[in-house]
Amino acid sequence: MGDLIYVISVIVVGIAVIAFIIIMAKKRLDAISAETFSVDMDMQTDEALSAVSAGKEGNSADVLFESPHYDKYETLFNYIWSACHGRDGSQYKIDLLLQSLDMGHTLEVDGFYVQESIEKDLPYFCETEHEIEMFFKSPAPVLRGSIKGILDMIYFYIFTEKNPSKQEYWQQSLLDMAQDGNFEAQAALCSGYVKHAFSEQELAAFKEMYEPNLMRLAEEGNGEAQLAVGEFLMQKPPQKIAWLTKAAQQGLSDAWYQLGLTYESMININDDGHFCWDRLSDDEVHQLMVKKAECFLNGAKENNGIMAAWCQCKVGDYYEEGRLLPKDLQKAAYWLRQAIENGEDAEGTLEYVMRQMV
């Protein structure tokens, strides 16, 4: 019995010694890591620390560690530093994030969406699932440069998730695109779509600067200008359809997409542009939806512009459902594959179609 007690005692002492060695080794490794991290930071040049994205004012990147929010988000801030340091625009992202926290915003799910923003290299850190979805799952794909998507971002930060810094970012993006010659951006600035984002004086200046040239080019047959005029400058469905049809006939997927949306809007919008609920019969509504599907099919076939992939994805849905286009699983699979090749998230729908074909 004494021998057994002795053996057990030796084992217990041995375990304690091993545990002590492991704890001390871990502390030493943590100290080395912290020291290495500090040295790595010290090795950064002053230029790198103060780098700011094009024309944006900001502080050096070490504001992350000086921030009053650091204690709460230490792990995330360290990750941000290591993941973003040296990337173009990283300083502007950090500045926007800290401004957001100063305004009382929080980082949901331990900063999951901020981390996803880093991995997807978004222009700034998103803080909610809805922000992420606006980039990737919206019918107006922001990351492909959709003007409608950019307008959605502006108004999201004006009315839904108030954030003046991010609002300003997208307003400036819209202005830059217009200045660079994007007709849809120019037309949007001349329309009522931006009336809550800019002053009356600015709106008048935009209208004077861009609208006469847009109308002249559209009348001369420029398809891109016709698309811009039909999408933003015309409010009544007959006028919109006239201009969008001219643009669509020149082979623009984006024009076919906008034309389809216009037909759908006519379910509740009369020829004078006024909202009228339940103004059409079920058969008339179905006819308009079929026209929309046919427009999307033409947009899918043209396979150009921002909205081609979206058209292809929706056409795949229509062929699978068999309501607006004749049910055809082979065609559904074809168009869904086209959409996926063009960057649309349609893998789940394609798998569903393929299971039906077995």
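A disulfide is counted here as a pair of cysteine sulfur atoms within 2.5 Å. By that criterion, a search of the whole structure turns up zero disulfides.

Before going on, the ground rules. This is a predicted model, in which local features need pLDDT of at least 70 and side-chain atom pairs count only at pLDDT 80 or more, while totals for chains, interfaces and linings use all residues. Residues are numbered from 1 along each chain as its sequence is written, and side-chain values use heavy atoms, with hydrogens and water left out.

Buried means under 20% relative accessible area, exposed over 50%, and partly exposed in between, with a 1.4 Å probe and protein chains only. C313 is buried, at a relative accessible area of 8%. C276 has 25% relative accessibility and so counts as partly exposed.

Now the overall picture. Helices are DSSP runs of H or I with at least four residues, strands are runs of E with at least two, and both are numbered from the N terminus. The chain has 18 helices and zero strands. It has 358 residues, of which 45% count as buried. For contacts, the criterion is heavy atoms within 4.5 Å. Taking contacts between residues at least 6 apart in sequence, 54% join residues at least 24 apart.

Next, helix packing. The axes are lines fitted to C-alpha atoms, for helices over the stretch in contact, and the angles run from 0 to 180 degrees between N-to-C directions. Angles under 35 degrees count as roughly parallel, over 145 as roughly antiparallel, 65 to 115 as roughly perpendicular, and the rest as oblique. A crossing is left-handed if the near helix is turned anticlockwise from the far one by less than a right angle, and right-handed if clockwise. For residue classes, Ala, Val, Leu, Ile, Met, Phe, Trp, Tyr, Cys and Pro are nonpolar, Asp, Glu, Lys and Arg are charged, and the others, Gly among them, are polar.

I will start with α4, residues 74-84, and α5. Their axes are 10 Å apart and the packing angle is about 160 degrees, so the two helices are roughly antiparallel. The crossing is right-handed. On the α4 side the contact uses F77, I80 and C84, and on the α5 side S90, I94, L97, L98 and L101. By class that is seven nonpolar residues, one polar and no charged.

The second pair is α14 and α15, whose axes come within 8 Å and cross at roughly 175 degrees. That makes this pair roughly antiparallel. From α14, the contact takes in S253, W256, Y257, L259, G260, L261, Y263 and E264; from α15, L288, M289, K291, K292, C295, F296, N298, G299 and E302. These divide into nine nonpolar, four polar and four charged.

Is K292 buried or exposed? K292 is buried, with a relative accessible area of 9%. Leaving aside neighbours within four places in sequence, K292 is in contact with G260, Y263, E264 and Y318.

The loop between α14 and α15 holds N268. Again leaving out neighbours within four places, N268 contacts H274, F275, C276, W277, D278 and R279. Of these, D278 is 10 residues from N268 in sequence and 6.6 Å from N268 in space, C-alpha to C-alpha.

Residues in the contact include C313 and Y319 of α16, and W335 and L336 of α17. The residues of this contact divide into nine nonpolar, three polar and three charged.

Finally, some loop positions. Two residues other than glycine have positive phi: D110, near 55 degrees, and N303, at about 55 degrees. D110 sits between α5 and α6 and is exposed, at 70% relative accessibility. N303 sits between α15 and α16 and is partly exposed, at 37%.

The last one is E161, in the loop between α8 and α9. E161 is partly exposed, with a relative accessible area of 26%. Which residues does E161 touch, not counting those up to four places away in sequence? They are H105 and F156. H105 is 56 residues from E161 in sequence, and the C-alpha atoms are 9.5 Å apart.
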